[in-house]
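Biologist: Before we talk about how the two parts of this model meet, could you show me the sequence and the structure? I would like each term to be set against its criterion as we go.

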Amino acid sequence: MTHPTNSLDDVVHQRTRLGILAVLAEADSVDFVFIRQALGLTAGNLSRHLAVLSEARLIAVDKKDSAGRPRTWVSLTKRGRTSLDAELAILKKLVEAVERGTNRGT
Amino acid sequence: MDPSAEHSLQVLADVTAARRRTRAARPHKWIPLAGLAVVVFGAMPLYVQRPFGDFESDHSEVSRLSGFGQLQHSDAAAIYWLVALPVMYAVIAAYLVRRGSRSGVRLRASRVIVWGLILFIALVLAVVAVPQLQLLPGNLVIRGLTPLLAITAGVMVWGALDRDYTVLGIGALALAGGLVSNLYNLENIILAQGIDFDYRYSLLLNLALPALILTIGAIAVWMRDRVSR
């Protein structure tokens with residue numbers, strides 16, 4: 001039997017990227033600035049992670065002018081939602097497996 | 001504890017915190033529900049029925065077709081729905097867009113508005129354009145409460161598109177309440193208890209049922225979002 005950690009997707013599993021996907025899962029689209037502040041990232045760092053997620057087609061990035069200032073809206077794709085759900089399921093499975101083992105040991 | 005499990009626990013906690021923060025910033029879903037409940041409650045003064053023997057026909061063909069004919073202010077009731085509902089959808093759209101733009105967390109307004117309006121326009125066209133007996137089963141249109149079906153079905157569609165099972169459940173319950181209101185005189189329940197009831201106000205009970213479901217639903221969504229922040 002393979003260990004649950006073998007099923008983790010490297011693109012999604014990276015802590016910051018997982019945080020970005022989690023933020024996006026709660027709305028239809030989220031402003032770049034909100035994500036940056038919510039996760040305590042620098043603009044450059046967030047841009048790099050968004051590029052990785054966009055490359056993997058897990059998110060869609062839309063740049064628009066709003067009230068005279070440019071804003072970047074980010075949204076989760078269907079693929080991104082599936083990947084996030086799968087990742088969270090694996091993490092929960094992992095924790096449950098360890099807790100079961102701990103209980104058996106006591 | 002296994003380091004990978006400890007790491008997973010920490011990651012899950014971070015994910016939950018990030019989700020909570022986003023949920024707190026996004027537009028409140030209880031507001032559209034409360035707005036729609038207000039529209040239904042607002043129709044109540046227009047749903048007082050004519051006294052027995054009042055056969056004066058001062059209402060239009062459309063009013064009669066959609067079941068408003070028995071009301072004291074039949075044309076006003078028909079016009080109320082045609083104006084109040086689109087206005088409320090416009091207010092809800094303005095709120096969702098404004099709040100989303102300000103907070104940086106957007107919910108798609110079209111899921112609430114477009115489907116609500118499509119269902120309402122379809123209903124109006126169906127009632128006006130097609131002879132009612134050919135279209136609607138039984139006595140679905142005799143009480144002038146068919147707008148309730150469009151409103152509640154719209155809430156259900158919104159919940160389904162948003163994958164929000166609480167809103168979907170509220171929409172389904174309200175739609176069931178709307179169907180009961182259209183097909184059954186709820187005053188019969190009160191009369192069965194031996195309580196006397198002026199029949200002219202009986203439709204107020206039918207209006208109150210879906211309005212209360214939407215109101216309780218709005219409170220439930222407000223509490224859910226508050227607890228999960």
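Modeller: This is a predicted model, and across the interface of chain B and chain A the rule finds 5 salt bridges.

Biologist: What makes the pair Glu26(A) and Arg19(B) a salt bridge?

Modeller: The criterion asks for a side-chain nitrogen of Lys or Arg within 4 Å of a carboxyl oxygen of Asp or Glu. In the pair of Glu26(A) and Arg19(B) the closest N and O atoms are 3.0 Å apart, and because the cut-off is 4 Å, the pair is called a salt bridge.

Biologist: How many residue pairs are in polar contact between chain B and chain A, and which elements of chain B supply the side that touches chain A?

Modeller: There are 11 residue pairs in polar contact, with both residues at pLDDT 80 or more. Helix 1 (3-25), helix 4 (74-103) and strand 1 (105-106) of chain B each supply at least two residues of that side, and helix 1 of chain B gives the most, with 16 residues. By residue class, the side of chain B that touches chain A divides into 10 nonpolar, 9 polar and 11 charged.

Biologist: What makes strand 2 of chain A and strand 1 of chain B the edge strands?

Modeller: The open sheet has 4 strands in the order 2(A)-3(A)-1(A)-1(B), with antiparallel pairing. Strand 2 (59-66) of chain A and strand 1 of chain B each pair on one side only, and they are the edge strands. Strand 2 of chain A is joined to strand 3 (residues 69-76) of chain A by 8 bridges, and Ile59(A) has Leu76(A) as its bridge partner.

Biologist: Which strands does helix 2 of chain A touch?

Modeller: Helix 2 (residues 15-24) of chain A packs on the sheet, touching strand 1, strand 2 and strand 3 of chain A, and its direction makes about 95 degrees with that of strand 3 of chain A.

Key. Residues are numbered from 1 along each chain as its sequence is written. Chains are lettered from A and ligands numbered from 1 in the order in which they are written. This is a predicted model: local features need pLDDT of at least 70, side-chain atom pairs count only at pLDDT 80 or more; totals for chains, interfaces and linings use all residues. Side-chain values use heavy atoms; hydrogens and water are left out. A polar contact is a pair of N or O atoms within 3.5 Å; within protein, one must be able to donate a hydrogen and the other to accept it, and residues adjacent in sequence count only if both atoms are side-chain atoms. Ala, Val, Leu, Ile, Met, Phe, Trp, Tyr, Cys and Pro count as nonpolar, Asp, Glu, Lys and Arg as charged, and the others, Gly among them, as polar. Two strands pair if DSSP finds at least two bridges between them. Contact means heavy atoms within 4.5 Å. Axes are lines fitted to C-alpha atoms, for helices over the stretch in contact, and angles run from 0 to 180 degrees between N-to-C directions.
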